[in-house]
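Here is a friendly walk through one protein chain, written for someone who likes cut-offs stated plainly. Please have a look at the model first.

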Amino acid sequence: MVDRVLERLLAATRWHPLIVAVLAGAIALPMLGWSGLSRSEGHRAIPGWAMLERGDFLRVELFEATYVRKPPGMPWAVAAASAVFGENEFAARLPSALGFIGMSVLVWWFARRWFGARWGLAAGAAQALMPAMWPWARAAEIEGLHAGMTQAAALLVIDLCRPRSADAPRSGLTGLWPGLGLGLALSAMVALKG
């Protein structure tokens, strides 16, 4: 019975991105706000909360002093999540968790495009199950979102540079989309970590 259900899920490729997202979400989202902020999480969360309270999203402050050590990308993400979920640990860590889920789905998409549906599912699941990424996925730190944007840029560069056969059908990223995506990923990298 279970074998048949798994076979059907693997055969129904339209469910693959959802499977990857659920798997990554099952790792990143449970008990995201269960403990207080630790290490340098406060350096990311407090400026985001200050932005939200002041309504000024251009000035980054930490303890009422201008904070210019890092770009405003992570505080912006924390402020956006906190606008929806309140000023708490869950909202501070949610951007990293969503970045981790997005990374896994992005790997699925490119691997499916390059190698086929089953390899796409395998690659997306492998990304979600990579233990080295789990701490970043569950912390209010810059590294998780920055790694996701770096990965997106790298995958887009590979996609742009990979050879295509003349008889291969054109699908997926065409025209200006790869360049636009690469520009957005690089801009986000700079906004997050400089």
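Is glutamate 61 buried or exposed? Glutamate 61 is buried, because its relative accessible area is 10%; buried means under 20%, exposed over 50%, and partly exposed in between, with a 1.4 Å probe and protein chains only.

A word on the source: this is a predicted model, in which local features need pLDDT of at least 70, side-chain atom pairs count only at pLDDT 80 or more, and totals for chains, interfaces and linings use all residues. Residues are numbered from 1 along each chain as its sequence is written, and side-chain values use heavy atoms, with hydrogens and water left out.

Glutamate 61 sits in strand 1, residues 61-62 (strands are DSSP runs of E, at least two residues; helices are runs of H or I, at least four; both are numbered from the N terminus). Beyond its neighbours within four places in sequence, glutamate 61 touches Ile46, Pro47, Ala50, Arg54, Thr66 and Tyr67, where contact means heavy atoms within 4.5 Å.

Leucine 18 belongs to helix 2, residues 16-28. Leucine 18 counts as partly exposed because its relative accessibility is 45%.

| Residue | Element | Relative accessible area |
|---|---|---|
| Glutamate 61 | strand 1 (residues 61-62) | 10% |
| Leucine 18 | helix 2 (residues 16-28) | 45% |

Now for the whole chain. The protein chain has 9 helices and 2 strands, in the order α-α-α-β-β-α-α-α-α-α-α along the sequence. Of its 194 residues, 40% count as buried. The C-alpha atoms of the protein chain fill a box of roughly 60 × 45 × 25 Å along the principal axes.
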